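Please consult the sequence and structure below while reading.

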Amino acid sequence: MSTSQIKKEKKTLDEIMKEDKWEVDEKPHIVVDYEQCEKCQSKPCLYLCPAGCYTLSESGKIMFNHEGCLECGTCRVICPLKAIKWEYPEPGKGIHYRYG
């Protein structure tokens, strides 16, 4: 395999992620206790979720959307108030990795 062929096959993370597919389950596999979130000062989920599923509203409240979740479990692990109930999606639902 030539160097030009290797370079041609190299993909960026964004390109790799675009190959993944999601079968969104109407029932979220993550449940957020928003009352607990209001007590959290650091809100690490905003900064550490690789999919950006957690956002902050104009009023300063956490908002969550499970549709782009990568199922890494980071939010469950880093939540200092244990406000996140996390389970894998139902079989056949969630992310389907297509690369590698």
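The whole structure contains 3 cavities of 30 Å³ or more. On a 1 Å grid over the protein atoms alone, a cavity is a set of points where a 1.4 Å probe fits but cannot get out, and its lining residues have an atom within 4 Å of a point. Grid points are joined across faces, edges and corners, and a volume is the space filled by probe spheres set on the points. The model is predicted: local features need pLDDT of at least 70 and side-chain atom pairs count only at pLDDT 80 or more, while totals for chains, interfaces and linings use all residues. Residues are numbered from 1 along each chain as its sequence is written, and side-chain values use heavy atoms, with hydrogens and water left out.

The largest cavity holds about 90 Å³ of space. Its lining comprises 13 residues, with C37, C40, C45, C79 and P80 lying nearest the centre. By class, this lining has 11 nonpolar, 1 polar and 1 charged residues, where Ala, Val, Leu, Ile, Met, Phe, Trp, Tyr, Cys and Pro count as nonpolar, Asp, Glu, Lys and Arg as charged, and the others, Gly among them, as polar.

The second largest cavity holds about 70 Å³. Its lining has 4 nonpolar, 3 polar and 5 charged residues; among them are D25, H66 and K93.

D25 belongs to the loop between β1 (21-23) and β2 (30-32), strands being DSSP runs of E with at least two residues and helices runs of H or I with at least four, numbered from the N terminus. Leaving aside residues up to four places away in sequence, D25 touches H66, E90 and K93 (heavy atoms within 4.5 Å).

A salt bridge requires a side-chain nitrogen of Lys or Arg within 4 Å of a carboxyl oxygen of Asp or Glu. The count by this rule is 2.

| Salt bridge | Closest N and O atoms |
|---|---|
| E19 and K11 | 2.3 Å |
| E38 and K61 | 3.8 Å |

E38 lies in helix α3 (residues 34-39) and K61 in the loop between β3 (54-56) and β4 (62-64), so this pair ties together parts that are 23 residues apart in sequence. E38 is exposed at 51% relative accessibility, whereas K61 is partly exposed at 46%. In the other pair, E19 is partly exposed at 25%, and K11 is partly exposed at 36%.

Terms used: Buried < 20%, exposed > 50% of the residue type's maximum accessible area, 1.4 Å probe, protein only. 1 Å grid on protein atoms, 1.4 Å probe; cavity = no way out; pocket = protein on both sides within 12 Å on 5 of 7 lines; lining within 4 Å.
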